[in-house]
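Good morning, colleagues. Please bring up the sequence and the model on the screen, and I shall take you through several regions in turn.

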Amino acid sequence: MGGELSCTHGWIENCHFINHFWPVFPLADIASTTISEVTLESAISYTLGGMDDELMYSNFAMKWTLILLVLLVMGGEVQGNPNVILIYSDDQGAVDLNCFGARDLVTPNLDALAGRGIRFTQFYAAPVCSPSRASLLTGLTAQRAGVAGNAGGTAGLPNEKFTMAEMFKAAGYRTAQIGKWHLGMAPEMQPNAQGFDHSFGHLGGCIDSYSHFFYWSGPNRHDLQRNGNEVHYPGRFFPDLMVEETVRFIKKRPEDPFFIYFAINSPHYPYQGDPEWLEYYKKQGVPYPRDLYAAFISTMDEKIGTVLDFLKAEGLADSTIVIFQADNGYSTEERAHFGGGNSGSYRGAKACLFEGGIRVPAIISWPGKIPEGEVRSQFAVNTDWMPTLAALCGIPLDAGSLDGKSLVSIIHNANAETAHAEGYCWAFKTMWVARKEKWKVIGNPYDSGRPDAVFNEPLFLVDLEMDPGETTNLAGKYPEKVKELETQYKKWVEDSE
Ligand SMILES: [Ca+2]
(Lines give C-alpha, C1' and ligand atoms only; values in the text may rest on other atoms or scores of the structure.)
Protein backbone atom coordinates (compact mmCIF):
# COMPACT_ATOMS: atom_id res chain seq x y z
CA MET A 1 0.00 0.00 0.00
CA GLY A 2 2.94 2.33 0.60
CA GLY A 3 3.07 5.04 -2.03
CA GLU A 4 -0.10 3.91 -3.72
CA LEU A 5 -2.45 6.62 -4.76
CA SER A 6 -5.83 5.10 -4.28
CA CYS A 7 -9.24 6.65 -4.36
CA THR A 8 -11.01 3.66 -2.97
CA HIS A 9 -10.21 4.72 0.58
CA GLY A 10 -11.70 8.10 0.66
CA TRP A 11 -9.53 11.11 0.19
CA ILE A 12 -10.14 11.54 -3.52
CA GLU A 13 -13.88 11.10 -3.10
CA ASN A 14 -13.67 13.89 -0.58
CA CYS A 15 -11.66 16.12 -2.88
CA HIS A 16 -14.28 18.21 -4.61
CA PHE A 17 -11.63 19.67 -6.83
CA ILE A 18 -11.00 16.32 -8.50
CA ASN A 19 -14.65 15.39 -8.77
CA HIS A 20 -15.34 18.71 -10.41
CA PHE A 21 -12.46 18.67 -12.87
CA TRP A 22 -12.57 15.02 -13.87
CA PRO A 23 -15.03 15.00 -16.72
CA VAL A 24 -13.44 12.28 -18.85
CA PHE A 25 -12.08 9.53 -16.62
CA PRO A 26 -13.92 7.75 -13.87
CA LEU A 27 -12.29 7.80 -10.45
CA ALA A 28 -11.77 4.07 -10.67
CA ASP A 29 -9.20 4.78 -13.36
CA ILE A 30 -6.82 6.53 -11.00
CA ALA A 31 -7.60 4.13 -8.23
CA SER A 32 -5.44 1.52 -9.87
CA THR A 33 -2.55 3.88 -10.48
CA THR A 34 0.49 3.77 -8.26
CA ILE A 35 2.87 6.66 -7.90
CA SER A 36 5.48 4.95 -5.80
CA GLU A 37 7.97 4.43 -8.60
CA VAL A 38 7.15 7.49 -10.62
CA THR A 39 9.19 10.54 -9.83
CA LEU A 40 8.02 14.03 -10.54
CA GLU A 41 10.51 14.21 -13.40
CA SER A 42 9.35 11.05 -15.14
CA ALA A 43 5.73 12.02 -14.66
CA ILE A 44 6.38 15.33 -16.39
CA SER A 45 8.20 13.58 -19.24
CA TYR A 46 5.21 11.26 -19.48
CA THR A 47 3.07 14.36 -19.87
CA LEU A 48 5.25 15.95 -22.53
CA GLY A 49 5.97 12.65 -24.29
CA GLY A 50 2.29 12.11 -24.82
CA MET A 51 1.77 15.39 -26.65
CA ASP A 52 2.22 13.92 -30.12
CA ASP A 53 -0.46 11.37 -29.60
CA GLU A 54 -3.85 12.71 -28.76
CA LEU A 55 -5.09 9.51 -27.20
CA MET A 56 -1.92 9.18 -25.18
CA TYR A 57 -2.40 12.72 -23.96
CA SER A 58 -5.94 11.99 -22.94
CA ASN A 59 -5.15 8.80 -21.13
CA PHE A 60 -1.84 9.56 -19.46
CA ALA A 61 -0.85 13.18 -19.60
CA MET A 62 -4.10 14.55 -18.29
CA LYS A 63 -4.17 11.92 -15.59
CA TRP A 64 -0.66 12.73 -14.41
CA THR A 65 -1.18 16.44 -14.73
CA LEU A 66 -4.17 16.21 -12.45
CA ILE A 67 -2.46 13.89 -10.02
CA LEU A 68 0.52 16.23 -9.80
CA LEU A 69 -1.77 19.17 -9.38
CA VAL A 70 -3.55 17.45 -6.50
CA LEU A 71 -0.22 16.57 -4.91
CA LEU A 72 0.76 20.22 -5.13
CA VAL A 73 -2.61 21.33 -3.75
CA MET A 74 -2.19 18.91 -0.86
CA GLY A 75 1.23 20.36 -0.09
CA GLY A 76 3.09 17.35 -1.43
CA GLU A 77 2.21 15.36 1.69
CA VAL A 78 -0.04 12.79 0.11
CA GLN A 79 1.75 9.51 -0.31
CA GLY A 80 -1.36 7.36 -0.52
CA ASN A 81 -3.31 6.49 2.57
CA PRO A 82 -0.78 5.57 5.24
CA ASN A 83 -1.92 3.44 8.15
CA VAL A 84 -1.84 5.04 11.57
CA ILE A 85 -1.14 3.49 14.95
CA LEU A 86 -1.55 5.93 17.81
CA ILE A 87 -0.02 4.47 20.95
CA TYR A 88 -1.19 6.19 24.14
CA SER A 89 0.58 5.15 27.33
CA ASP A 90 -0.80 5.88 30.78
CA ASP A 91 0.68 7.84 33.71
CA GLN A 92 4.22 7.97 32.36
CA GLY A 93 6.74 10.55 33.61
CA ALA A 94 8.16 13.22 31.30
CA VAL A 95 11.61 11.59 31.13
CA ASP A 96 10.55 7.97 31.56
CA LEU A 97 12.08 6.53 28.41
CA ASN A 98 15.75 6.04 27.84
CA CYS A 99 15.56 8.36 24.82
CA PHE A 100 13.90 11.07 26.94
CA GLY A 101 16.65 11.08 29.52
CA ALA A 102 16.04 8.17 31.90
CA ARG A 103 19.33 6.41 32.58
CA ASP A 104 17.91 3.59 34.69
CA LEU A 105 15.29 2.28 32.24
CA VAL A 106 15.59 -0.25 29.43
CA THR A 107 13.31 0.82 26.57
CA PRO A 108 14.99 -0.26 23.32
CA ASN A 109 11.85 -0.45 21.18
CA LEU A 110 10.57 3.04 21.89
CA ASP A 111 14.11 4.41 21.70
CA ALA A 112 14.40 2.83 18.24
CA LEU A 113 11.04 4.33 17.25
CA ALA A 114 12.41 7.77 18.19
CA GLY A 115 15.51 6.92 16.14
CA ARG A 116 13.27 6.31 13.12
CA GLY A 117 11.27 9.48 13.73
CA ILE A 118 10.98 12.70 15.66
CA ARG A 119 11.08 13.16 19.40
CA PHE A 120 9.27 16.17 20.91
CA THR A 121 10.80 17.70 24.04
CA GLN A 122 8.10 20.25 24.79
CA PHE A 123 4.92 18.29 24.25
CA TYR A 124 1.82 18.69 26.41
CA ALA A 125 -1.35 16.83 27.30
CA ALA A 126 -3.98 17.23 30.02
CA PRO A 127 -3.12 16.27 33.64
CA VAL A 128 -5.37 13.19 34.00
CA CYS A 129 -6.66 10.33 31.85
CA SER A 130 -10.10 11.28 30.51
CA PRO A 131 -9.45 14.95 29.67
CA SER A 132 -6.23 13.90 27.94
CA ARG A 133 -7.99 11.26 25.84
CA ALA A 134 -10.93 13.53 25.02
CA SER A 135 -8.63 16.28 23.79
CA LEU A 136 -6.50 13.81 21.85
CA LEU A 137 -9.50 12.36 20.03
CA THR A 138 -11.28 15.64 19.28
CA GLY A 139 -8.48 18.16 18.73
CA LEU A 140 -10.20 20.33 21.34
CA THR A 141 -9.15 21.32 24.84
CA ALA A 142 -10.75 19.01 27.40
CA GLN A 143 -13.17 21.78 28.39
CA ARG A 144 -14.37 22.28 24.83
CA ALA A 145 -14.56 18.50 24.37
CA GLY A 146 -16.92 18.38 27.35
CA VAL A 147 -14.59 16.27 29.52
CA ALA A 148 -13.04 18.60 32.10
CA GLY A 149 -12.50 15.80 34.63
CA ASN A 150 -12.27 12.02 34.68
CA ALA A 151 -15.18 10.08 33.19
CA GLY A 152 -17.33 8.08 35.57
CA GLY A 153 -20.99 7.51 36.27
CA THR A 154 -22.82 9.26 33.46
CA ALA A 155 -19.89 11.59 32.54
CA GLY A 156 -17.95 11.01 29.35
CA LEU A 157 -17.29 12.21 25.82
CA PRO A 158 -20.55 13.53 24.35
CA ASN A 159 -21.61 11.59 21.29
CA GLU A 160 -21.95 14.70 19.14
CA LYS A 161 -18.24 15.53 19.33
CA PHE A 162 -16.41 14.79 16.08
CA THR A 163 -13.59 12.38 16.84
CA MET A 164 -10.37 11.48 15.09
CA ALA A 165 -11.84 8.00 14.57
CA GLU A 166 -14.86 9.51 12.78
CA MET A 167 -12.45 11.51 10.64
CA PHE A 168 -10.57 8.38 9.58
CA LYS A 169 -13.75 6.36 9.13
CA ALA A 170 -15.21 9.03 6.82
CA ALA A 171 -12.02 8.80 4.78
CA GLY A 172 -12.53 5.05 4.31
CA TYR A 173 -10.15 3.78 6.98
CA ARG A 174 -10.81 0.74 9.14
CA THR A 175 -10.76 2.02 12.72
CA ALA A 176 -10.06 0.23 15.99
CA GLN A 177 -9.75 1.16 19.63
CA ILE A 178 -7.69 -1.37 21.54
CA GLY A 179 -7.01 -0.93 25.26
CA LYS A 180 -8.35 1.64 27.67
CA TRP A 181 -11.32 3.86 26.85
CA HIS A 182 -12.23 5.91 29.96
CA LEU A 183 -14.46 8.27 27.99
CA GLY A 184 -17.83 7.11 29.23
CA MET A 185 -19.83 3.97 29.92
CA ALA A 186 -23.14 4.91 28.29
CA PRO A 187 -23.68 3.11 24.96
CA GLU A 188 -23.64 6.40 23.00
CA MET A 189 -20.28 7.30 24.57
CA GLN A 190 -18.57 3.97 23.93
CA PRO A 191 -15.94 3.47 21.20
CA ASN A 192 -18.32 1.87 18.67
CA ALA A 193 -20.54 4.97 18.86
CA GLN A 194 -17.57 7.37 18.48
CA GLY A 195 -16.16 6.24 15.13
CA PHE A 196 -14.46 2.95 15.95
CA ASP A 197 -15.50 -0.01 13.79
CA HIS A 198 -13.89 -2.32 16.27
CA SER A 199 -13.18 -2.01 19.97
CA PHE A 200 -11.55 -4.24 22.55
CA GLY A 201 -10.60 -3.38 26.09
CA HIS A 202 -11.83 -1.77 29.27
CA LEU A 203 -14.21 1.12 29.58
CA GLY A 204 -13.01 2.32 33.00
CA GLY A 205 -9.74 3.95 34.06
CA CYS A 206 -7.73 0.85 34.96
CA ILE A 207 -7.92 -2.91 35.40
CA ASP A 208 -5.92 -5.64 36.98
CA SER A 209 -3.99 -6.96 33.98
CA TYR A 210 -4.78 -10.63 34.73
CA SER A 211 -8.32 -10.71 36.14
CA HIS A 212 -9.49 -7.66 34.15
CA PHE A 213 -11.43 -6.35 37.11
CA PHE A 214 -11.70 -2.59 37.65
CA TYR A 215 -8.88 -1.61 39.99
CA TRP A 216 -9.69 1.90 41.21
CA SER A 217 -12.61 1.41 43.56
CA GLY A 218 -15.41 -0.97 44.50
CA PRO A 219 -17.64 -2.72 43.92
CA ASN A 220 -15.61 -5.40 42.15
CA ARG A 221 -16.53 -5.32 38.51
CA HIS A 222 -15.18 -7.24 35.52
CA ASP A 223 -14.34 -4.72 32.76
CA LEU A 224 -13.39 -6.28 29.44
CA GLN A 225 -15.48 -5.85 26.28
CA ARG A 226 -15.27 -6.50 22.60
CA ASN A 227 -17.62 -4.27 20.62
CA GLY A 228 -19.82 -3.71 23.65
CA ASN A 229 -20.08 -7.38 24.61
CA GLU A 230 -18.40 -8.64 27.75
CA VAL A 231 -15.63 -11.16 27.07
CA HIS A 232 -13.58 -13.23 29.52
CA TYR A 233 -9.92 -14.15 29.34
CA PRO A 234 -9.15 -14.88 32.99
CA GLY A 235 -5.44 -15.09 33.72
CA ARG A 236 -4.33 -13.66 30.37
CA PHE A 237 -1.99 -10.65 30.59
CA PHE A 238 -3.94 -7.72 29.18
CA PRO A 239 -1.08 -6.15 27.15
CA ASP A 240 -0.64 -9.55 25.42
CA LEU A 241 -4.36 -9.60 24.60
CA MET A 242 -4.01 -6.10 23.13
CA VAL A 243 -1.13 -7.19 20.89
CA GLU A 244 -3.05 -10.26 19.71
CA GLU A 245 -6.14 -8.18 18.97
CA THR A 246 -4.05 -5.67 17.02
CA VAL A 247 -2.43 -8.36 14.90
CA ARG A 248 -5.80 -9.99 14.21
CA PHE A 249 -7.35 -6.66 13.24
CA ILE A 250 -4.56 -5.79 10.81
CA LYS A 251 -4.41 -9.29 9.29
CA LYS A 252 -8.12 -9.27 8.54
CA ARG A 253 -7.68 -6.81 5.66
CA PRO A 254 -4.02 -5.78 5.47
CA GLU A 255 -4.58 -4.17 2.06
CA ASP A 256 -6.95 -1.53 3.46
CA PRO A 257 -5.67 1.42 5.48
CA PHE A 258 -6.28 1.29 9.19
CA PHE A 259 -6.28 3.63 12.15
CA ILE A 260 -5.61 1.92 15.47
CA TYR A 261 -5.82 3.76 18.77
CA PHE A 262 -3.63 1.52 20.93
CA ALA A 263 -4.30 2.84 24.45
CA ILE A 264 -2.13 0.71 26.68
CA ASN A 265 -2.94 0.90 30.40
CA SER A 266 0.77 0.97 31.37
CA PRO A 267 2.59 2.03 33.47
CA HIS A 268 -0.68 2.99 35.22
CA TYR A 269 -1.17 1.06 38.46
CA PRO A 270 -1.34 -1.78 39.31
CA TYR A 271 2.37 -2.11 38.50
CA GLN A 272 2.46 -5.57 36.91
CA GLY A 273 5.78 -5.88 35.13
CA ASP A 274 7.05 -9.14 33.74
CA PRO A 275 8.83 -11.24 36.46
CA GLU A 276 12.03 -11.20 34.40
CA TRP A 277 12.06 -7.41 34.39
CA LEU A 278 11.27 -7.33 38.11
CA GLU A 279 14.30 -9.53 38.65
CA TYR A 280 16.44 -7.38 36.34
CA TYR A 281 15.71 -4.11 38.16
CA LYS A 282 16.14 -5.77 41.54
CA LYS A 283 19.61 -6.92 40.47
CA GLN A 284 20.39 -3.40 39.27
CA GLY A 285 19.60 -2.13 42.77
CA VAL A 286 16.84 0.19 41.56
CA PRO A 287 15.00 1.31 44.73
CA TYR A 288 11.33 0.69 45.54
CA PRO A 289 8.91 1.76 44.06
CA ARG A 290 10.95 2.79 41.01
CA ASP A 291 11.83 -0.90 40.47
CA LEU A 292 8.16 -1.89 40.11
CA TYR A 293 7.40 1.03 37.81
CA ALA A 294 10.53 0.42 35.72
CA ALA A 295 9.66 -3.25 35.23
CA PHE A 296 6.21 -2.27 33.96
CA ILE A 297 7.74 0.32 31.59
CA SER A 298 10.15 -2.23 30.12
CA THR A 299 7.31 -4.75 29.78
CA MET A 300 5.24 -2.14 27.92
CA ASP A 301 8.20 -1.37 25.68
CA GLU A 302 8.45 -5.07 24.82
CA LYS A 303 4.75 -5.36 23.93
CA ILE A 304 4.90 -2.25 21.73
CA GLY A 305 8.03 -3.74 20.15
CA THR A 306 6.04 -6.87 19.25
CA VAL A 307 3.49 -4.72 17.38
CA LEU A 308 6.23 -2.78 15.58
CA ASP A 309 8.04 -6.02 14.66
CA PHE A 310 4.80 -7.38 13.26
CA LEU A 311 4.39 -4.30 11.04
CA LYS A 312 7.91 -4.82 9.75
CA ALA A 313 7.38 -8.54 9.11
CA GLU A 314 4.18 -7.79 7.18
CA GLY A 315 5.91 -5.17 5.06
CA LEU A 316 3.79 -2.39 6.58
CA ALA A 317 6.50 -0.46 8.42
CA ASP A 318 7.05 2.13 5.69
CA SER A 319 3.35 2.70 5.09
CA THR A 320 2.42 3.17 8.73
CA ILE A 321 2.64 6.35 10.76
CA VAL A 322 3.35 5.46 14.39
CA ILE A 323 2.78 7.97 17.16
CA PHE A 324 3.70 7.34 20.75
CA GLN A 325 2.63 9.63 23.58
CA ALA A 326 1.87 9.45 27.30
CA ASP A 327 -1.53 10.70 28.46
CA ASN A 328 -0.25 12.59 31.53
CA GLY A 329 2.59 12.61 34.05
CA TYR A 330 3.44 9.81 36.50
CA SER A 331 1.11 9.07 39.40
CA THR A 332 1.75 9.71 43.08
CA GLU A 333 -1.44 7.97 44.20
CA GLU A 334 -1.41 5.28 46.89
CA ARG A 335 -2.12 2.54 44.37
CA ALA A 336 0.98 3.71 42.49
CA HIS A 337 3.00 3.20 45.68
CA PHE A 338 3.03 7.01 45.90
CA GLY A 339 5.39 7.25 42.94
CA GLY A 340 7.94 5.33 40.93
CA GLY A 341 7.82 7.60 37.89
CA ASN A 342 10.14 10.49 37.13
CA SER A 343 9.50 13.91 35.65
CA GLY A 344 13.21 14.79 35.71
CA SER A 345 13.85 18.45 36.39
CA TYR A 346 10.17 19.31 35.91
CA ARG A 347 8.02 20.04 38.92
CA GLY A 348 4.84 18.12 39.73
CA ALA A 349 3.15 14.90 38.63
CA LYS A 350 -0.21 13.59 37.42
CA ALA A 351 -3.27 15.64 38.46
CA CYS A 352 -1.57 19.02 38.61
CA LEU A 353 -0.67 21.64 36.02
CA PHE A 354 2.99 22.05 36.81
CA GLU A 355 5.12 20.74 33.94
CA GLY A 356 5.46 17.27 35.47
CA GLY A 357 1.70 16.77 35.23
CA ILE A 358 1.23 17.76 31.60
CA ARG A 359 4.61 17.57 29.85
CA VAL A 360 4.89 14.13 28.30
CA PRO A 361 7.12 12.04 26.03
CA ALA A 362 5.93 12.13 22.40
CA ILE A 363 7.27 10.58 19.19
CA ILE A 364 6.13 10.39 15.56
CA SER A 365 7.64 8.08 12.99
CA TRP A 366 6.96 7.48 9.30
CA PRO A 367 10.09 5.95 7.78
CA GLY A 368 11.22 7.53 4.55
CA LYS A 369 8.51 10.22 4.63
CA ILE A 370 9.43 12.43 7.59
CA PRO A 371 12.84 13.16 9.16
CA GLU A 372 14.42 10.40 11.20
CA GLY A 373 16.38 10.62 14.43
CA GLU A 374 15.58 14.30 14.92
CA VAL A 375 14.35 16.31 17.89
CA ARG A 376 11.83 19.15 18.03
CA SER A 377 11.60 21.56 20.95
CA GLN A 378 8.63 23.66 19.82
CA PHE A 379 5.65 23.96 22.13
CA ALA A 380 3.17 21.33 20.90
CA VAL A 381 0.03 19.72 22.33
CA ASN A 382 -1.83 16.42 22.01
CA THR A 383 -4.72 18.25 20.30
CA ASP A 384 -2.30 18.82 17.41
CA TRP A 385 -2.30 15.17 16.35
CA MET A 386 -5.76 15.26 14.73
CA PRO A 387 -5.00 18.08 12.25
CA THR A 388 -1.46 16.74 11.80
CA LEU A 389 -2.70 13.28 10.86
CA ALA A 390 -5.36 14.75 8.58
CA ALA A 391 -2.61 16.63 6.73
CA LEU A 392 -0.20 13.68 6.57
CA CYS A 393 -2.93 11.29 5.41
CA GLY A 394 -4.46 13.73 2.92
CA ILE A 395 -7.83 13.77 4.68
CA PRO A 396 -9.85 16.96 4.30
CA LEU A 397 -10.57 18.45 7.73
CA ASP A 398 -12.04 21.78 8.70
CA ALA A 399 -9.33 22.39 11.30
CA GLY A 400 -10.05 26.08 11.86
CA SER A 401 -12.36 25.47 14.79
CA LEU A 402 -9.94 23.11 16.54
CA ASP A 403 -7.58 24.01 19.37
CA GLY A 404 -4.97 21.72 17.84
CA LYS A 405 -2.78 22.91 14.97
CA SER A 406 -0.99 20.89 12.33
CA LEU A 407 2.60 20.07 13.25
CA VAL A 408 3.57 19.27 9.66
CA SER A 409 5.79 22.33 9.18
CA ILE A 410 7.53 21.64 12.51
CA ILE A 411 7.96 17.99 11.59
CA HIS A 412 9.78 19.00 8.42
CA ASN A 413 11.64 22.00 9.81
CA ALA A 414 13.40 22.17 13.17
CA ASN A 415 13.32 25.97 12.99
CA ALA A 416 9.62 26.36 12.21
CA GLU A 417 7.65 28.53 14.61
CA THR A 418 5.47 26.90 17.23
CA ALA A 419 1.91 26.41 16.05
CA HIS A 420 0.76 27.92 19.35
CA ALA A 421 2.27 31.40 19.26
CA GLU A 422 -1.10 32.72 20.44
CA GLY A 423 -0.85 30.70 23.64
CA TYR A 424 -2.76 27.85 25.26
CA CYS A 425 -4.76 27.29 28.45
CA TRP A 426 -5.52 24.42 30.78
CA ALA A 427 -7.77 23.97 33.79
CA PHE A 428 -8.17 21.07 36.18
CA LYS A 429 -10.36 21.32 39.27
CA THR A 430 -9.49 24.73 40.78
CA MET A 431 -6.03 24.95 39.21
CA TRP A 432 -5.56 26.70 35.88
CA VAL A 433 -2.79 27.74 33.50
CA ALA A 434 -2.39 30.34 30.79
CA ARG A 435 0.72 29.90 28.69
CA LYS A 436 2.14 32.24 26.05
CA GLU A 437 5.65 32.00 24.64
CA LYS A 438 8.01 31.40 27.56
CA TRP A 439 5.56 32.71 30.15
CA LYS A 440 3.19 30.56 32.20
CA VAL A 441 0.88 31.73 34.93
CA ILE A 442 -0.61 29.14 37.27
CA GLY A 443 -3.78 29.93 39.17
CA ASN A 444 -4.41 28.20 42.52
CA PRO A 445 -1.18 26.18 42.31
CA TYR A 446 -0.95 22.68 43.75
CA ASP A 447 2.06 20.37 43.40
CA SER A 448 1.04 16.69 43.30
CA GLY A 449 4.72 15.73 43.34
CA ARG A 450 5.14 17.51 46.67
CA PRO A 451 1.67 17.75 48.23
CA ASP A 452 3.17 19.39 51.34
CA ALA A 453 4.36 22.42 49.33
CA VAL A 454 2.64 25.59 50.51
CA PHE A 455 1.69 28.40 48.11
CA ASN A 456 0.99 31.69 49.77
CA GLU A 457 -0.06 33.43 46.58
CA PRO A 458 -2.95 32.36 44.30
CA LEU A 459 -0.97 33.24 41.15
CA PHE A 460 2.40 31.74 40.26
CA LEU A 461 4.27 33.20 37.28
CA VAL A 462 7.08 31.26 35.64
CA ASP A 463 9.63 32.06 32.93
CA LEU A 464 9.96 28.55 31.49
CA GLU A 465 13.17 29.36 29.61
CA MET A 466 14.98 30.57 32.72
CA ASP A 467 13.24 28.28 35.16
CA PRO A 468 11.87 25.07 33.58
CA GLY A 469 11.66 23.53 37.05
CA GLU A 470 9.10 26.18 38.09
CA THR A 471 10.88 26.95 41.35
CA THR A 472 10.49 30.74 41.52
CA ASN A 473 7.30 32.78 41.48
CA LEU A 474 7.86 35.93 39.44
CA ALA A 475 4.32 37.26 39.85
CA GLY A 476 5.46 40.09 42.12
CA LYS A 477 8.19 41.11 39.69
CA TYR A 478 6.08 41.14 36.51
CA PRO A 479 2.51 42.15 37.46
CA GLU A 480 1.72 43.29 33.88
CA LYS A 481 2.61 39.85 32.51
CA VAL A 482 0.37 38.24 35.13
CA LYS A 483 -2.48 40.52 34.13
CA GLU A 484 -2.00 39.77 30.43
CA LEU A 485 -2.07 36.01 31.01
CA GLU A 486 -5.03 36.27 33.36
CA THR A 487 -6.93 38.07 30.60
CA GLN A 488 -5.95 35.32 28.17
CA TYR A 489 -7.29 32.73 30.61
CA LYS A 490 -10.59 34.58 31.18
CA LYS A 491 -11.16 34.87 27.45
CA TRP A 492 -10.45 31.17 27.03
CA VAL A 493 -13.02 30.32 29.75
CA GLU A 494 -15.61 32.46 27.94
CA ASP A 495 -14.78 30.85 24.59
CA SER A 496 -14.99 27.36 26.12
CA GLU A 497 -18.56 27.84 27.33
CA1 LIG B 1 -3.41 8.52 32.83
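Two residues are said to be in contact, or to touch, if their C-beta atoms, placed from the backbone, lie within 7 Å. This is a predicted model, in which local features need pLDDT of at least 70 and side-chain atom pairs count only at pLDDT 80 or more, while totals for chains, interfaces and linings use all residues. Residues are numbered from 1 along each chain as its sequence is written.

Let me apply the contact criterion to proline 270. Leaving aside residues up to four places away in sequence, proline 270 touches Asp208, Tyr215 and Arg335. Helices (H or I, at least four residues) and strands (E, at least two) are DSSP runs, numbered from the N terminus. The C-alpha atom of proline 270 is separated by 7.9 Å from that of serine 209, although the two are 61 residues apart along the chain.

On burial, a residue is buried if 20 or more other C-beta atoms lie within 10 Å of its own, exposed if 12 or fewer, and partly exposed in between; again the C-beta atoms are placed from the backbone. Proline 270 has 16 other C-beta atoms within 10 Å and is therefore partly exposed.

Now the overall figures. The protein has 15 helices and 16 strands. Of its 497 residues, 50% are buried. Among contacts with a separation of 6 or more, 64% are between residues 24 or more positions apart.

How many residues of H6 are buried? The count is 10 of its 10 residues, and the helix is mostly covered. The buried residues include Arg133, together with Leu136 and Leu137. Their cover includes strand S1 (83–89), helix H7 (142–145), helix H8 (164–170) and helix H13 (385–393). After H6 comes glycine 139, with a positive phi near 75°.

The next element is strand S5, residues 198–202. Why is S5 described as largely enclosed by the rest of the structure? The reason is that four of its five residues are buried. Two strands pair if DSSP finds at least two bridges between them. S5 pairs with strand S4 (residues 174–180) in the parallel sense, over five bridges, and there lysine 180 has histidine 202 of S5 as its bridge partner. With strand S6 (residues 225–226), S5 pairs in the antiparallel sense over two bridges; in this case phenylalanine 200 is partnered by arginine 226 of S6.

Let us move to the helix pair H10 and H11, the latter covering residues 290–313. They pack at an angle of about 135°, and their axes are 8 Å apart. Axes are lines fitted to C-alpha atoms, for helices over the stretch in contact, and angles run from 0 to 180 degrees between N-to-C directions. Angles under 35 degrees count as roughly parallel, over 145 as roughly antiparallel, 65 to 115 as roughly perpendicular and the rest as oblique. H10 and H11 are therefore oblique to each other. From H10, Trp277, Leu278, Tyr281 and Lys282 meet Asp291, Ala294, Ala295, Ser298 and Thr299 of H11.

Finally, there is an open sheet of four strands, in the order S13-S14-S15-S16, with antiparallel pairing. Its edge strands are S13 (424–428) and S16 (459–463), each of which pairs on one side only. On average, neighbouring strands of this sheet are turned by 15° against each other, direction ignored. Helix H15 (residues 479–496) packs on the sheet and touches S13, S14, S15 (439–443) and S16, its direction making about 110° with that of S14.

Going through the sheet by pairs, S13 and S14 (residues 431–436) are joined over five bridges, and tyrosine 424 stands opposite arginine 435 in S14. S14 and S15 are likewise joined by five bridges, with tryptophan 432 opposite glycine 443 in S15. Their hairpin has two residues between the strands, and glutamate 437 in that hairpin takes a positive phi near 50°. S15 and S16 pair over five bridges, where isoleucine 442 has phenylalanine 460 of S16 as its bridge partner. Four of the five residues of S15 are buried, so this strand is largely enclosed by the rest of the structure.

Thank you; I am glad to take questions.
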